[in-house]
Amino acid sequence: MAPLRFFLASLAVLLLPAGLRATGQEADVIYIDGQRWQLLGKPIEHDSTLCLRFYKFLPEDRSYSSTNWGGYTAYWSIAGDCLQLDSVEIEEVGSKTRLFLHPKQMRKPFAGYYRKGESIAATWLDHPIRAGRGRTVYYEHLGFFRNLEEECTISLSRGRVTGKRFRHNSKVKGMTLHDVQRKLQEEFPFERFPEFRGMQMFFRITDMRISKFGEFLGCTPIVWFRETGKKAEKSRSGIQDAEHPLLKTFAEALKAIYPWETVLIDGKPMSYRGSRVIILVAPD
């Protein structure tokens, strides 16, 4: 029976794609035209059968962390028009000693991909991969949901590079969500809604849109409530009707704030994934 650590690590890989890990993940490394970039993904894990063989091959006593569930860093390069795996770096538990595994040592787990001349061709990959370098302009504490100043999307067909697209990203200073929450807590017209006095208001906003000039263009808000103080465990049903006066007032308050921090992806405002939550407390 497989060791427990191998079983748990393998289960995590199968259940959660590399881009959806519950915390930000450390990138692999790729060399593009001789320049070092972060590879924002784990290409080995895109083939579940290969990944399980690879995990079983790796030393069980390697170091793991919440930011590196697999306990390894892979190094890649583009040779001619082929993406290849050059080496894998691991760290031994309880030691700062780093061990590099080279293609010849990994022939067994990469059977069928190993080439004479000591290279591993990534012919199992048949979709784009994304690389980045420079400062981080956007970050979510989830997998590889982040954007760096420079990015390169590499299109692949059975491991062969069919195209590269480079883009430049930037961040324009403005009010962050934390700044907005603090400002709303100070300025929101709670007196217009006495029925919610003493309540915590959890505003969840999706489809958030911000212009390249820092203007808040709109969102889809809902809100739910929880009583504060001794009855903090008691909650009330929420409001989802965007025409409700509370949600309309909230949306108007967001639009009145300027400028918002703006992330530009290749010169265009970023489409924000998922939802954000702003918590306000109505005074008693």
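## Worked exercises on a predicted model

Of the contacts in the protein between residues at least 6 apart in sequence, 64% join residues at least 24 apart. A contact here means heavy atoms within 4.5 Å. This is a predicted model, in which local features need pLDDT of at least 70, side-chain atom pairs count only at pLDDT 80 or more, and totals for chains, interfaces and linings use all residues. Residues are numbered from 1 along each chain as its sequence is written, and side-chain values use heavy atoms, leaving out hydrogens and water.

**The whole protein**

Task: State how many helices and strands there are, and what share of residues is buried.

Solution: Take the elements. The protein has four helices and 16 strands. These are DSSP runs numbered from the N terminus: helices (H or I) have at least four residues, strands (E) at least two. Now the burial. Of 284 residues, 44% count as buried. Buried means under 20% relative accessible area, exposed means over 50%, and partly exposed lies in between (1.4 Å probe, protein chains only).

**Helix H4**

Task: Find where the buried residues of H4 lie around its axis.

Solution: Locate the helix. H4 covers residues 245–256, 12 residues in all. Its span from first to last C-alpha is 16 Å, close to the 16 Å expected at 1.5 Å a residue. That expectation is 1.5 Å times one less than the number of residues. List the buried residues: Leu246, Leu247, Thr249, Phe250, Ala253 and Leu254. Seen down the axis, they fall within an arc of 160°, so they line one face of H4. The arc is taken from the directions between the helix axis and the C-beta atoms.

**Aromatic pairs**

Solution: Start with the rule. Rings of Phe, Tyr and Trp (its six-membered ring) pair if their centres lie within 6.5 Å; planes under 30 degrees apart are stacked, over 60 edge-to-face, the rest tilted. The whole structure holds 17 aromatic pairs. Phe54 is in helix H2 (residues 48–57), and Tyr72 is in the loop between H2 and strand E3 (73–79), 18 residues away. Check burial. Phe54 is buried at 0% relative accessible area, and Tyr72 is buried at 1%. Compare another pair: Phe188 and Phe193 have centres 6.4 Å apart and planes at 20°, so they are stacked. Both Phe188 and Phe193 are buried. Last, the cluster. Ring pairs link Phe54, Tyr55, Tyr72, Trp76, Phe110, Tyr113 and Trp124.

**Backbone angles**

Task: Say where Asp33 and Asp207 lie, and how exposed each one is.

Solution: Take Asp33. Its phi is positive, about 50°, although Asp33 is not a glycine. Asp33 lies in the loop between strands E1 (28–32) and E2 (35–39). At 62% relative accessibility, Asp33 is exposed. Turn to Asp207. Its phi is also positive, about 55°, and Asp207 is not a glycine. Asp207 lies in strand E11 (residues 199–210). At 46%, Asp207 is partly exposed.

**A cis bond**

Task: Find where the proline of the cis Tyr258 to Pro259 bond lies.

Solution: Check the bond. Omega is near -5°. Then place the residue. Pro259 sits in the loop between H4 and strand E14 (262–265).
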